[in-house]
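Please look at the sequence and the model before reading on.

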Amino acid sequence: METLETYKDFADNSYQYFMFAYNNNQLFNEMGAMAQNICERYLKHIISEFAEPETDKEAMEKERALRTHNLRSLIHYLCKTMGLSMPRSLIQALHSVNGFYFSTRYPGEDSITLDSEDMDDCADALKQCKAYVEELIEEL
């Protein structure tokens with residue numbers, strides 16, 4: 001097995017696992033959490049590898065971004081702090097899975113049970129996010 005060293009390496013590995021389950025018509029709530037986490041790792045890869053803080057404050061902002069589980073925060077960092085553009089369709093797809101990391105894994109008033117439509121949204125978000133990151137890597 002190959003060595004996993006970067007956020008993207010881990011994201012690619014989990015992406016393959018998710019898509020294998022999805023393409024074999026598996027439907028488990030954990031897949032929602034996994035989808036959000038994979039998107040996080042793809043976006044964090046760009047931040048980790050390409051954000052170049054120039055001040056202590058900027059270094060702290062980068063570190064905060066790398067610790068969050070909130071896709072909105074990562075989108076904001078990429079677009080506002082790093083000045084990258086992101087397609088509106090990707091932003092909407094990421095918003096559709098944001099929050100699954102907690103709401104699909106723990107009981108409580110915010111917990112949800114995913115259905116096949118939700119899983120389609122997860123797969124779409126993953127495909128768009130992976131493609132976006134791979135394009136950015138080529139550009140940067």
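Which residues of α3 are buried? The buried residues of α3 are K62, A65 and L66, where buried means under 20% relative accessible area with a 1.4 Å probe, protein chains only. The model is predicted, so local features need pLDDT of at least 70 and side-chain atom pairs count only at pLDDT 80 or more, while totals for chains, interfaces and linings use all residues. Residues are numbered from 1 along each chain as its sequence is written, and side-chain values use heavy atoms, with hydrogens and water left out.

**Helix α3**
- D56, K57, M60 and R67 are exposed (over 50% relative accessible area) and sit on the face of α3 turned away from its buried side.
- The buried residues of α3 pack against α1 (7-23), α2 (30-50) and α4 (71-81), with contact meaning heavy atoms within 4.5 Å.

**Largest pocket**
- A pocket is an open set of points on a 1 Å grid over the protein atoms alone, with protein on both sides within 12 Å along at least five of seven lines, and lining residues have an atom within 4 Å of a point.
- About 160 Å³ of space lies in the largest pocket.
- Its lining residues include L84, P87, Y132 and E139.
- In the lining of the largest pocket, α7 has the largest share, 6 residues.

Notes:
Helices (H or I, at least four residues) and strands (E, at least two) are DSSP runs, numbered from the N terminus. On a 1 Å grid over the protein atoms alone, a cavity is a set of points where a 1.4 Å probe fits but cannot get out, and a pocket is an open set with protein on both sides within 12 Å along at least five of seven lines; lining residues have an atom within 4 Å of a point. Grid points are joined across faces, edges and corners, and a volume is the space filled by probe spheres set on the points.
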